[in-house]
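Have the sequence and the structure open as you read.

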Amino acid sequence: MLRTPDAEWGAALLFEQQPDGFWAPSHLREEDGLSWRLKDETWRFLERLALQLTRGGEPLPLNLTSVELSPEQVEYVFAVDATARLVMSVSLVELAEERTSVLRYRFTWEGDDQAVSLSLKPWLDIRRCGQAPDPARHRVNPVDAQHLTVVNTNHWLAFRLSREAEFLPAREQRDVRYPLGEGHRLTTDQHVHFKPTQTRAFAPGVWRTSLGEPLDLFVQAGLAEAALLGALETAQAVCSTALTRQQARYEDWMTRWSHLDERVARHLYVAAEKFWIRTETGEVPDADASPARRCLTRLALDGLRQNWKTLEAAGKWPQVLHTLDGWLSYQDPRSGRFPIRWPGGETARQWFAKTGSLPADYYEASDLGLPLFTWVGEAWEQLAASDRLEPLWEAYQRMFQGFKLSRLTRRHGGPVLLENGMLLLLPHHGWMDAKRTVFTDKLTVTDLPARCPLAWHLQDVAQFKDSHYTWEQYQYPTFYLPEANALWLRTLEVGIRLASWAGKSDWVDELQQIEASLREHFKGILWNQRAANLYNAVTLDRRIDGTPTVAAIEAAALLGEPFFSRLELEQIWQTARNRLLLTDGDTGTAVGLLARDTAERLFQDGSQLHDAVWHPRALPAVLRLLRHLGQEATRRDMVEALLTHGHDEGALFYVQEAFVPAEGPNPTAASSGALRPVPVRSTRVWWSQCADVLWENAAEG
């Protein structure tokens, strides 16, 4: 993957021959190809670029001999014969002064034979991400011998060649299949397969030119043809300089971190530089686990908590502050909730300008203030030096008042603060927010929180015999969740610190009383004395789910000693190791902890996302507990597994959203790696990079 704040390009490292005889990089997922952000929307544009070499009209073989890559450039080297080769480099270049980017292909012929021709055929798929393909509506304009534009629904893709070439127009369409699809799976023929997706691509024609001097092809997307053509001319003039600067930034980074494992240094670089999108007010992290490239607050917040030290070291603190300022300014003044995503489009911004808050659907989650203020406690000195304590104190007061005013009887209500100091939440208000559908003989109930046991849902269906009433039981803040209340304890500590800074002694007294009560009651409600572990969830009426989950590890790692005794922490880890540990089936080494101990081991889609699934986002908490308990070998194995993944599979240098056991009816090969955990879902997620913890663990050896 090559990424800038405006665009993203991806392809497999292998080439394949197309039915028409052209060669193109293999595309395994629909997110491969070129996408572009325009007006807060992400559109897909270039499906892939195919090429062919000919001599005297006869195609020449292309044998891919090597691929050299970095987070900034990919270079494919093809052997044509014993004395000649073709080098194709692909670069996605950020043009900072122009506030845009350009995709550049460079083709270099290395050989004595100058009678060789290069043909290029672009395959297009211009549409908003998530919409159906629409090749029939693509309109083509061969502007001149160097320029070509294609438009669909007022979204233009423009090409500029560095020298004149012959363009042979033609309108071709074909179906394109992506075998890995969106990273979901299905079971057919007694085997588990990835669920493929497909699109229909369009080719406007072919460029043909002789090979001599290197040939560049520049690609940009925009909303107006004339402006786009002018931007391409500028892009060609400044591209080489910008690319040199971009590559120098990467090389400087690698030199700076040369004392670390090279894989760690690359991970740090990607976490710091490659997860930003451009908005009208500045850059914010694109933490979304989909190709749509949106800033989702929960993922971005966890990404910030996992990577903020690396961002500070990389000079990204202004972007961090800009993102924080946005979250604070968009806080709902009535409920104190923070928006679930960064506002996109004029409608949302106009609504905010008129009412002081965003549309209601932006405030569907109620717990986002907990990870936000927990991070504030971790980055207190930097935030204090950046003059952010005043707005943080104001936002904290709004959030806290919202907790106090929330009611158990309000559907989809916010966290309810009880007299015992604990918080009650909706069961799906947290990162474990998957939903399931329950089918019985007579009823189907949709949108039930998968955080709760399936047995609860089936019992409710049997008792109430009503799908709506069954669903209704899970729409109120009546659930104690261990990780949420652990975050709440840390949030109270930050509130006391903020109130002391503001000189508000009455607030300090109230928050200290709540903190003391929370410390007194936490274990009495959430500690399973018999199993020596934390419950997954407890309802207000004492319905208890004792399923071991990684949430127990998060809570234990966050609170540590002396809140938990050393023996209790060891018991929590012992349960996790026995019931949740995911290992590499080839080597037997530890990889991570599954989200939940469940008999449902076969991941297929999002409804099982928090069952037998390892989420790297939990790695910092797991490593923190392992380090505290002296489990050094397991800690090193988990770090090594993450680094190996980032250089072996998925999108190289990036970390997958989730991994599942290599279990179920899998056609298992005898080759190495057949039993390794299977990467699923998105190939690149900011909260999976875990840069800070990789840095810390690498520094410790």
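Rings of Phe, Tyr and Trp (its six-membered ring) pair if their centres lie within 6.5 Å; planes under 30 degrees apart count as stacked, over 60 as edge-to-face and the rest as tilted. By that rule the structure holds 30 aromatic pairs. The model is predicted: local features need pLDDT of at least 70, side-chain atom pairs count only at pLDDT 80 or more, and totals for chains, interfaces and linings use all residues. Residues are numbered from 1 along each chain as its sequence is written, and side-chain values use heavy atoms, with hydrogens and water left out.

**Ring pairs**

Take Phe15 and Phe78. Their ring centres are 5.0 Å apart and their planes stand at 80 degrees, so this pair is edge-to-face. Phe15 belongs to strand E3 (residues 15–17) and Phe78 to strand E9 (residues 73–79), so the contact ties together parts 63 residues apart in sequence. Strands (E, at least two residues) are DSSP runs, numbered from the N terminus.

Tyr474 and Phe479 make a stacked pair, because their planes are at 25 degrees, with centres 6.3 Å apart. Tyr474 and Phe479 are buried too.

Elsewhere, ring pairs join Phe338, Phe373, Trp393, Tyr396, Phe400, Phe403, Trp488 and Trp507 into a cluster.

**Charges over rings**

A charge sits over a ring if NZ of Lys or CZ of Arg is within 6 Å of the ring centre and within 35 degrees of the ring normal. Two cases follow.

| Charged residue | Ring | Distance to ring centre |
|---|---|---|
| Lys121 | Phe22 | 4.8 Å |
| Arg617 | Trp687 | 5.0 Å |

**The cavity**

A cavity is a set of points on a 1 Å grid over the protein atoms alone where a 1.4 Å probe fits but cannot get out; lining residues have an atom within 4 Å of a point. Grid points are joined across faces, edges and corners, and the volume is the space filled by probe spheres set on them. The count comes to one cavity of 30 Å³ or more. About 60 Å³ lies in the largest cavity.

Which elements give two or more residues to its lining? They are strand E6 (41–55) and strand E10 (85–95). E6 has the largest share, three residues. Phe15 returns here as one of the lining residues, which also include Trp9, His27, Glu47, Arg48 and Tyr105. The lining divides into eight nonpolar, one polar and two charged residues. Here Ala, Val, Leu, Ile, Met, Phe, Trp, Tyr, Cys and Pro count as nonpolar, Asp, Glu, Lys and Arg as charged, and the others as polar.

Notes
On a 1 Å grid over the protein atoms alone, a cavity is a set of points where a 1.4 Å probe fits but cannot get out, and a pocket is an open set with protein on both sides within 12 Å along at least five of seven lines; lining residues have an atom within 4 Å of a point. Helices (H or I, at least four residues) and strands (E, at least two) are DSSP runs, numbered from the N terminus. Buried means under 20% relative accessible area, exposed over 50%, partly exposed in between (1.4 Å probe, protein chains only).
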